[in-house]
Amino acid sequence: MHGEYKVPGGKLVVVDLDAEDGVLRRVRVGGDFFLEPDEALLAIDRALEGAPADTDASGLAARIDAALPPGTQMFGLTTEGIGVAVRRALAHATDWTDYDWQLVHDGAQPPALHMALDEVLTGEVAAGRRPPTLRVWEWGAPAVVIGSFQSLRNEVDAEAAERHGITVVRRISGGGAMFIEPGNTITYSLSVPDALVQGLSFTDSYAYLDDWVLGALGDMGIKAWYQPLNDIATEAGKIAGAAQKRLAGGDGAVLHHVTMAYDIDADKMTEVLRIGREKLSDKGTRSAKKRVDPLRRQTGLPRGTVIEKMIGSFRERYGLSEGMVTDDEMARARELARTKFSSSEWTARVP
C-alpha cells in the first residue's frame, strides 16, 4: 500500500506498507523533508511496525513521538503528517496528479445559479460523469451567501440588503456568511472525488485542499497560511474563508469552495451583515473591518491577473484543461436555482 501527504506549508511524506493480520508490516517512510539525526528515520519506521491497522493518525503520531531519539529536529514534517500518510495508504487514497483536472471559468452568473452549479457539478463528479473540476466564479450581482445552518435574521439586516440591492442566498455547505460584490471578490469551487481526501480528518481535508492556494499566493509575494478550521490568513489579517459539503451518489464527492476578498467596502459589509461580538471574541479584534485584508492591497495586482496567476499555479502543479458546463448540467442548474436556491423555503429554512 502506498500513501502520500503534503504537510500544509511543509513537505511531502510518502509511506509504503503492508497490513497483515490487522497490523502494519514492512513500513517505510520517505519524502523530501529534512530530518536530524539520520537514525530518526529508522526510529519512525520501527515505531510504526506492528501498530494496529485501525490506529488513527493521532495515535500513530504518539507512537512516533515516543520513539524519536532525543534532540530530533523535523523541518517540513510532523509526526501527525506521517500518521495521515499512513491512514491514506490504508484507505487507498488517490493523489491530485491521478486525475485529469478541468477548468470552468464562465461569464457572470446570478448568485442563485452559482449555488445550483456547485451542487450539480459536484454531483456529476460523484457519479463519475465529470472529471474533478476547478470552477472560478464571476458574480452577476452583489450578494450575501449564508451557510446552510445559519439563521437568516441573525446574520443579515434585510432592510440594509434591500437598500443596497443585495441578493441573499443560502449555500449547501456550512460555515459563515460571505459578503460579495462583483469585482471585489474571487470565488472558486473544487469538486473532487471522495477518494482524494480518504484518510484525512474533516479538519485536515480543509488544509489539504487549500494548500495549492497558499503556493499560488506565495508566488505573488504573499506569505499566507491555513488557519483552522476554514480560513486563509496573512500577518495583515484574514483574506479568505472556505466551506465544504460531502455529496453521496456513485463513489461520493466533496465540494470545497473558497471566497477571497480582493477588495471590500467594509462600511457596507457591516451594515448588511450582523457580525456580533461573540463571533469576534476569539479573533483578537473588536471590529469586523479589521478581520479582512484584501488581496488588492497586498498584491498590487488587478483582479484578473490574480485569478490568472492562481489558475496558472494550479495548472503547473496538477495539470488543468479548459472545460465548460454542459447544456444538460446548465439546464439542471437553472431549474435548481429556480425551484430551490431562489425559494424562500430554502433561503429561510433557518429563519
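## Close-up views of the predicted model

**View 1. The hairpin of β2 and β3.** In this predicted model, β2 and β3 make a hairpin with 2 residues between them. Asp-21 sits in the turn and has a positive phi of about 55°. The pairing of β2 with β3 (residues 23-31) is antiparallel and runs over 7 bridges. Two residue pairs can be picked out along these strands. Val-14 is opposite Gly-30 of β3. Val-15 is opposite Val-29 of β3.

**View 2. The hairpin of β1 and β2.** Strand β1 (residues 2-6) runs antiparallel to β2 (residues 12-20), and 5 bridges join the two. They form a hairpin with 5 residues between them. Gly-9, in the turn, has a positive phi of about 75°. Across the pair, Tyr-5 faces its opposite residue in β2, Val-13.

**View 3. The second largest pocket.** This pocket holds about 220 Å³ of space. Its lining counts 13 residues; closest to the centre are Lys-6, Leu-12, Asp-95, Trp-96 and Tyr-318. Which elements supply at least two residues each of this lining? They are β1, α7 and α11. The largest share, 3 residues, is that of β1. By residue class, the pocket lining has 5 nonpolar, 1 polar and 7 charged residues.

**View 4. The open sheet of 8 strands.** The strand order is β12-β13-β14-β15-β11-β7-β6-β16, and the pairing is mixed. The edges are β12 (225-227) and β16 (321-322). Each of these two has a single partner strand, so one side of each lacks a neighbour in the sheet. Within the sheet, β13 (residues 231-234) and β14 run antiparallel, joined by 4 bridges. Ile-232 stands opposite Ala-240 of β14.

View 5. Helix α11 (residues 303-318) lies across β6 (102-104), β7, β11, β15 and β16. The angle between α11 and β11 is about 20°.

View 6. The structure has 13 aromatic pairs. One of them joins Tyr-188 and Trp-212 in an edge-to-face arrangement. The ring centres are 5.3 Å apart, with 65° between the planes. Tyr-188 belongs to strand β11 (residues 185-193) and Trp-212 to helix α7 (residues 202-219). The pair therefore ties together parts that lie 24 residues apart in sequence.

**View 7. The open sheet of 3 strands.** Here the order is β9-β8-β10, again with mixed pairing. Why does one side of β9 and of β10 have no neighbour in the sheet? Both β9 (167-170) and β10 stand at the edges, each with a single partner strand, so one side of each is left open. From one strand to the next, the twist averages 20°. Strand β8 (residues 143-146) pairs with β9 in the parallel sense, over 4 bridges. Ile-146 has Arg-170 of β9 as its bridge partner. Helix α4 packs on this sheet too, touching β8 and β9. The direction of α4 makes about 15° with that of β9.

**View 8. The largest cavity.** The model contains 4 cavities of 30 Å³ or more. About 150 Å³ of space lies in the largest. It is lined by 17 residues, and Trp-137, Val-145, Arg-171, His-257 and Thr-259 are the closest to its centre. Elements giving two or more residues to the lining are α4 (111-127), β10 (178-180), β14 (237-247) and β15 (253-261). Which element gives the largest share? Strand β15 does, with 4 residues. Sorted by class, the cavity lining has 11 nonpolar, 4 polar and 2 charged residues.

How values were computed: Residues are numbered from 1 along each chain as its sequence is written. This is a predicted model: local features need pLDDT of at least 70, side-chain atom pairs count only at pLDDT 80 or more; totals for chains, interfaces and linings use all residues. Side-chain values use heavy atoms; hydrogens and water are left out. On a 1 Å grid over the protein atoms alone, a cavity is a set of points where a 1.4 Å probe fits but cannot get out, and a pocket is an open set with protein on both sides within 12 Å along at least five of seven lines; lining residues have an atom within 4 Å of a point. Grid points are joined across faces, edges and corners, and a volume is the space filled by probe spheres set on the points. Ala, Val, Leu, Ile, Met, Phe, Trp, Tyr, Cys and Pro count as nonpolar, Asp, Glu, Lys and Arg as charged, and the others, Gly among them, as polar. Two strands pair if DSSP finds at least two bridges between them. Axes are lines fitted to C-alpha atoms, for helices over the stretch in contact, and angles run from 0 to 180 degrees between N-to-C directions. Contact means heavy atoms within 4.5 Å. Rings of Phe, Tyr and Trp (its six-membered ring) pair if their centres lie within 6.5 Å; planes under 30 degrees apart count as stacked, over 60 as edge-to-face and the rest as tilted.
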